[in-house]
Amino acid sequence: MQTITAEELKARIDKGEKPFIIDVREQYEFDEFNINGHLIPLGNIQSALPELEEHTDDEIIIHCRSGARSAAAVDFLTKQGFTNVKNLTGGMIAWQAVEG
């Protein structure tokens with residue numbers, strides 16, 4: 001499984017990059033804190049496949065709170081033929097630690 005660290009992602013965003021990010025947490029978690037990813041809760045990832053098809057070969061970074069749900073989403077999308085899906089190691093917990 002491909003991964004990206006919170007430090008790597010933050011550095012890229014700080015440089016002005018706009019990676020395609022999917023947040024697989026629930027709405028209430030997204031409402032509390034988010035990094036402007038596309039909210040697709042893990043339970044909805046299969047039904048979201050049609051809207052994600054245009055990104056089959058694009059880099060997709062997936063995150064959740066700690067990395068477990070996003071790992072499941074990465075595994076699922078990879079099995080569906082997506083070629084460049086990465087899990088944000090440590091999820092939003094790691095992100096908030098980097099943000100300070």
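Trainee: In which helix does glutamate 51 lie?
Mentor: This is a predicted model, in which local features need pLDDT of at least 70, side-chain atom pairs count only at pLDDT 80 or more, and totals for chains, interfaces and linings use all residues. Residues are numbered from 1 along each chain as its sequence is written, and side-chain values use heavy atoms, with hydrogens and water left out. Helices are DSSP runs of H or I with at least four residues, and strands are runs of E with at least two, numbered from the N terminus. The run covering residues 49–52 contains glutamate 51, and it is helix 3.

Trainee: Is glutamate 51 buried or exposed?
Mentor: Buried means under 20% relative accessible area, exposed over 50%, and partly exposed in between, with a 1.4 Å probe and protein chains only. Because its relative accessibility is 52%, glutamate 51 counts as exposed.

Trainee: Which strands stand at the edges of the sheet?
Mentor: Two strands pair if DSSP finds at least two bridges between them. The open sheet has five strands in the order 1-5-4-2-3, with parallel pairing. One side of each edge strand lacks a neighbour in the sheet, because each has a single partner strand; these are strand 1 (2–4) and strand 3 (38–39).

Trainee: Which residue is the bridge partner of isoleucine 22 in strand 4?
Mentor: Strand 2 (residues 20–23) runs parallel to strand 4 (residues 60–63), and four bridges join them. On the strand 3 side, isoleucine 22 stands opposite histidine 38. In strand 4, its bridge partner is isoleucine 62.
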